[in-house]
Amino acid sequence: MITPEKPLLAEIISISQDTSDTKTFEVGFVDKKLQKKFSFMPGQFMMISVFGFGEFPISISSSPYKTNSIKFTIVNVGNVTNAMHKLKKGEQIGLRGPFGTGFPLQKFRKKNILFVSGGCGLAPLRSAIYAVQEKKSEFGKISVLFGCKTPENVLFNEDMNQWQKENFNVLSTVDYPNKNWKGNTGVVTGLFKQVNFSPENTIVMICGPSVMIHFSLIELRKKGFRNEQMFASLERLMQCGVGYCSHCNIGNKYSCIDGPVFNAKDLEKLPVKEN
Amino acid sequence: MNYILKKEDFPKFLELLKKKFGKVIVPAKNETGATCFQSYSGQELFLESRTDFSAKEFFRPAKEKMFSFKKKSSSFEVKSEHDNTKKVLFGIRPCGTHALSTLDELFIKFLGEDNFYSDKRKNTIIIALQCNEACENGFCTSMGTSQASGHDLLFIERGHDFFVRAETKQGTDLLDPTLFKHTSDAEPSSKIECKNELDIEGLGENLYANFNHSVWKEESERCLSCTSCTQSCPTCYCYTSNDEFVFGSGTESERFRVLDSCQLQRFTKVSGNHVFRPSREGRLRQFVLHKFSYYKKYHGMHLCVGCGRCITACPVKISLVDIANKIQKHPLEFQKHSLEAKK
């Protein structure tokens with residue numbers, strides 16, 4: 001962990017517009033030595049400061065094997081992310097982290113992997129997909145399922161094409177198709193029937209809206225997946241990243257230090273859906 | 001070593017401290033009539049009972065500056081705040097000293113030091129004042145916090161004088177020999193009996209197992225989400241961080257952390273306006289469980305010192321002692337209603 005409290009300066013190296021409201025920022029620490037030492041696990045998050053506007057938690061969406069720079073995929077949804085979207089190449093932000101647990105990929109060797117993502121939930125998973133792609137020979141069959149609202153919201157088209165070339169089973173679906181959309185329609189759980197490998201030797205990683213996670217887990221359990229095989233990354237309000245502010249408290253766990261990646265076994269015991 | 005301080009010498013002692021340290025914090029009434037801790041400037045002290053507001057303000061202020069950012073051409077300068085002013089806190093009650101040791105667990109021992117807290121903590125000399133009577137709604141005897149701990153000096157009021165017990169060298173150094181005289185008197189008994197009683201045997205586990213108990217709904221129905229409980233609590237520390245521009249500067253901004261309250265909906269609101277704890281039932285449960293269950297799991301102690309301030313402050317008389325006792329006496333059958341069984 002790099003300093004629990006003080007944000008360290010980082011510079012925006014490049015910006016790419018993914019969809020109308022989503023941009024991917026490539027950043028690097030101003031202190032080159034820090035950047036050299038930097039490492040993270042897919043699924044971990046960092047706190048980004050836009051000076052004068054505030055701080056927000058965001059998952060890392062770049063490969064853990066390419067740490068010359070760090071990429072964040074950010075949707076313009078609130079005050080601070082809006083300020084972030086106005087920044088240009090060469091401007092500076094503050095970074096703290098990485099925080100939280102990641103996906104324990106080293107434990108998944110020789111297994112088939114199923115990625116289930118909804119909307120911008122693909123961003124934290126992309127880091128894990130890159131990692132699997134890097135060590136492809138160590139894993140079995142790989143599937144990437146992706147669901148979003150409209151064809152305009154589809155993220156990372158280039159990456160998806162690349163993954164398809166690598167023989168990954170890439171399936172996407174939208175809720176509201178347009179005339180040009182040739183793929184699937186409906187929710188992401190509808191894609192499960194197109195994935196044909198046995199539950200026994202498969203690991204599932206899920207990230208998306210909490211409703212999507214909830215129903216994905218239900219459907220997968222019906223298909224015979226055990227809790228130990230399924231991991232989900234949860235979204236919560238976070239202000240500190242180190243268990244100080246208590247915003248991300250879920251039952252007797254903190255999403256920032258015990259999560260954001262939880263095993264489905266833990267999720268079952270936690271009051272994820274409180275009234 | 002024990003000492004005696006005559007009551008007529010007490011103002012002299014405070015003046016002496018003020019001269020030496022510049023800042024002495026004492027319990028007194030504020031302009032609205034509420035009792036709280038404030039800087040000493042000759043005002044009348046409030047020594048009858050514990051204050052309405054805790055000494056939290058001097059360790060975890062309601063609004064605390066963390067960083068200042070200054071834009072310099074294309075780069076930023078990030079400065080961390082340090083508060084190195086020495087001060088003396090007089091009149092904190094035993095429950096208050098325990099509240100500080102409880103917060104130490106999180107902000108000093110858990111993941112390394114939080115400088116904003118530990119600066120203030122290390123630069124403050126603590127003079128505790130023993131309670132001779134139980135206060136309204138307090139339940140410190142149940143929580144094991146009726147005797148002070150972690151303080152430098154302990155004052156016990158005895159009619160015409162104070163009996164003073166020195167605990168640390170830092171504390172002994174404050175005892176001016178012209179005012180304080182050695183004594184061989186036995187220490188006055190400081191046993192108090194609280195009317196409120198809480199059964200803390202297995203409390204954390206039991207409350208968590210009764211996550212779906214009907215008492216949460218029953219009690220929260222009259223809750224107003226006014227946050228009086230979390231504001232008056234000496235251990236409630238949850239915060240939100242805010243950035244603010246320095247007015248008129250154009251290149252400077254500052255980051256503050258502001259005490260937040262789990263009783264508000266916005267406490268769990270994420271982008272897209274999704275609220276994870278929308279009902280008062282869930283938020284009241286969060287308050288009680290954080291105190292007795294979650295904090296204990298991580299830090300080995302309750303986040304409650306039994307001062308009873310939340311009960312006194314509540315306008316609709318919701319009492320966490322009542323809630324906890326109801327569950328302790330009539331828990332749901334674990335198998336039937338527990339969280340795990342519901343899924």
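Two strands are taken to pair if DSSP finds at least two bridges between them. On this basis, the predicted model contains in chain B an open sheet of 4 strands, ordered S5-S4-S12-S11 and paired in antiparallel fashion. The edges of this sheet are formed by strand S5 (75–80) and strand S11 (239–245) of chain B; each has a single partner strand, so one side of each is left without a neighbour in the sheet. On average, and with direction ignored, neighbouring strands of the sheet are turned by 20° against each other.

The pairing of S11(B) with strand S12 (residues 252–259) of chain B is antiparallel and comprises 7 bridges. Within this pairing, B:Ser241 stands opposite B:Arg257 of S12(B), and B:Phe245 has B:Ser253 of S12(B) as its bridge partner. The hairpin of S11(B) and S12(B) has 6 residues between the strands, and in this hairpin B:Gly248 adopts a positive phi near 85°. B:Ser73 is exposed, its relative accessible area being 71%. Helix H3 (residues 115–122) of chain B lies across strand S4 (63–72), S5 and S12 of the chain, and runs at about 125° to S4(B).

The domain assignment divides chain B into domain 1 (2–63 + 84–182) and domain 2 (203–237 + 261–342). The centres of domain 1 and domain 2 of chain B, taken over C-alpha atoms, are separated by 29 Å. Contact between these domains of chain B involves 25 residues of domain 1 and 25 residues of domain 2. Together, domain 1 and domain 2 of chain B bury about 2,100 Å², of which 64% is on carbon and sulfur atoms. On the side of domain 1 of chain B, the most area is lost to domain 2 by B:Lys56, B:Thr102 and B:Phe139, which together account for 26% of what that side buries. Between domain 1 and domain 2 of chain B, the count of salt bridges is 0.

The size of an interface is often given as the accessible area lost when the parts come together. For chain B and chain A, this buried area is about 4,100 Å², with 53% of it on carbon and sulfur atoms. The contact draws on 51 residues from chain B and 40 residues from chain A. B:Tyr239, B:Phe276 and B:Tyr298 contribute 15% of the area that chain B buries against chain A, more than any other three residues. The count of salt bridges between chain B and chain A is 1. This salt bridge is formed by B:Arg255 and A:Glu55, whose closest N and O atoms are 3.6 Å apart.

Most residues other than glycine have a negative phi, and most peptide bonds are trans. A cis peptide bond, with omega about 5°, joins A:Gly97 to A:Pro98, and A:Pro98 is found in strand S6 (residues 92–99) of chain A. A cis peptide bond with omega about 5° also joins A:Gly259 and A:Pro260; A:Pro260 lies in the loop between strand S14 (253–254) and strand S15 (261–263) of chain A. A positive phi of about 70° is found at A:Asn167, which is not a glycine. A:Asn167 belongs to the loop between helix H4 (157–165) and strand S9 (169–174) of chain A, and A:Asn167 is exposed, with a relative accessible area of 71%.

A buried position in chain A is provided by A:Leu125, which has a relative accessible area of 0% and is found in helix H3 (residues 122–134) of chain A. Residues up to four places away in sequence being left out, A:Leu125 touches A:Phe103, A:Phe115, A:Val116, A:Ser117, A:Met205, A:Ile206 and A:Cys207. A:Phe103 lies 22 residues from A:Leu125 along the chain, and the C-alpha atoms of these two residues are separated by 9.2 Å.

Key
Residues are numbered from 1 along each chain as its sequence is written. Chains are lettered from A and ligands numbered from 1 in the order in which they are written. This is a predicted model: local features need pLDDT of at least 70, side-chain atom pairs count only at pLDDT 80 or more; totals for chains, interfaces and linings use all residues. Side-chain values use heavy atoms; hydrogens and water are left out. Helices (H or I, at least four residues) and strands (E, at least two) are DSSP runs, numbered from the N terminus. Axes are lines fitted to C-alpha atoms, for helices over the stretch in contact, and angles run from 0 to 180 degrees between N-to-C directions. Contact means heavy atoms within 4.5 Å. Buried means under 20% relative accessible area, exposed over 50%, partly exposed in between (1.4 Å probe, protein chains only). Domain bounds come from an automatic or database domain assignment. Buried area is the accessible area (1.4 Å probe) that two parts lose on being put together, summed over both. A salt bridge is a side-chain nitrogen of Lys or Arg within 4 Å of a carboxyl oxygen of Asp or Glu.
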